[in-house]
Amino acid sequence: MANRRRGEVRAVLDGREHTLCLTLGALAELEAALGASDLAALAARFETGRPSAADLLAVARAGLKGGGHDYTREEVGQLTIEGGAPAWLALVVDLLRLTFGVADDPPPVARADAPAGPPSPGTRSTPSASGC
């Protein structure tokens with residue numbers, strides 16, 4: 001079962017359940033495949049809402065690889081999903097939304113400006129001179 005809090009998405013492709021996840025390594029490969037200079041450029045590419053079939057293929061392959069499925073580009077291109085192209089688009093959009101933090105139920109995120117909780121036993125409550 002996919003863990004959406006970890007950015008995982010479940011999909012049935014060719015009648016078999018798969019987990020897709022855009023891990024850091026998968027994102028790096030996706031940047032290279034799409035010629036994006038960084039994560040911001042990668043996110044901006046999809047903000048237009050007009051991905052190409054090649055974009056969908058690249059994201060699906062990266063997500064499958066991040067989920068532990070090592071398909072070639074050609075193999076991913078041959079996979080089928082119930083609902084066809086609109087279902088591929090929905091799958092990729094869901095995966096990107098989870099990855100870039102635009103989910104219906106986003107996981108809690110540690111923020112630098114968030115108030116610190118109580119110190120753990122055996123630790124100091126004030127930062128050290130090194131800032132750690």
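Aspartate 14 counts as partly exposed, at 34% relative accessibility. You'll find aspartate 14 in the loop between E1 and E2, and its backbone is worth a look: phi is positive, about 50°, although aspartate 14 is not a glycine. For context, most residues other than glycine have a negative phi. Keep in mind throughout that this is a predicted model.

Now zoom out. How many helices and strands does the protein have? There are five helices and two strands, and along the sequence they run β-β-α-α-α-α-α. Of the 132 residues in the protein, 32% are buried. If you take the contacts with a separation of 6 or more, 57% of them are between residues 24 or more positions apart.

Helix H5 covers 84–99 and has 16 residues. From its first C-alpha to its last, H5 reaches 23 Å, close to the 22 Å expected at 1.5 Å a residue. Which residues of H5 are buried? They are Ala87, Trp88, Leu91, Val92, Leu95, Leu96 and Leu98. Looking down the axis of H5, these buried residues fall within an arc of 165°, so they line one face of the helix. On the other side of H5, Ala85 and Pro86 are exposed. The cover over the buried residues of H5 includes strand E1 (8–13), strand E2 (16–21), H2 and H3. After H5 comes glycine 101, with a positive phi near 80°.

H2 deserves a stop of its own, and phenylalanine 46 is a handy way in. Phenylalanine 46 sits in helix H2 and is buried, with a relative accessible area of 14%. That value puts phenylalanine 46 in the buried class because buried means under 20% relative accessible area. Leaving out residues up to four places away in sequence, phenylalanine 46 touches Leu34, Pro51, Asp55, Val59 and Leu96. One of these, Leu96, is also among the buried residues of H5.

Rolling a probe the size of a water molecule over the atoms shows where empty space is left. The largest pocket holds about 300 Å³ of space. Its lining has 13 residues, and those nearest its centre are Ala43, Phe46, Glu47, Leu96 and Arg97. Helix H2 (39–47) and helix H5 (84–99) are the elements that give two or more residues to this lining. H5 gives the most, with five residues. By type, the lining of the largest pocket divides into 10 nonpolar, one polar and two charged residues.

The second largest pocket has about 190 Å³ of space. What lines the second largest pocket? The residues are Ala53, Leu56, Leu57, Ala60, Val76, Gly77, Leu79, Ala85, Trp88 and Leu89. Helix H3 (53–66), helix H4 (73–78) and H5 each supply at least two of the lining residues, and H3 gives the most, with four.

Terms used
Residues are numbered from 1 along each chain as its sequence is written. This is a predicted model: local features need pLDDT of at least 70, side-chain atom pairs count only at pLDDT 80 or more; totals for chains, interfaces and linings use all residues. Side-chain values use heavy atoms; hydrogens and water are left out. On a 1 Å grid over the protein atoms alone, a cavity is a set of points where a 1.4 Å probe fits but cannot get out, and a pocket is an open set with protein on both sides within 12 Å along at least five of seven lines; lining residues have an atom within 4 Å of a point. Grid points are joined across faces, edges and corners, and a volume is the space filled by probe spheres set on the points. Ala, Val, Leu, Ile, Met, Phe, Trp, Tyr, Cys and Pro count as nonpolar, Asp, Glu, Lys and Arg as charged, and the others, Gly among them, as polar. The expected span of a helix is 1.5 Å times one less than its number of residues. Buried means under 20% relative accessible area, exposed over 50%, partly exposed in between (1.4 Å probe, protein chains only). The arc is that of the directions from the helix axis to the C-beta atoms. Contact means heavy atoms within 4.5 Å.
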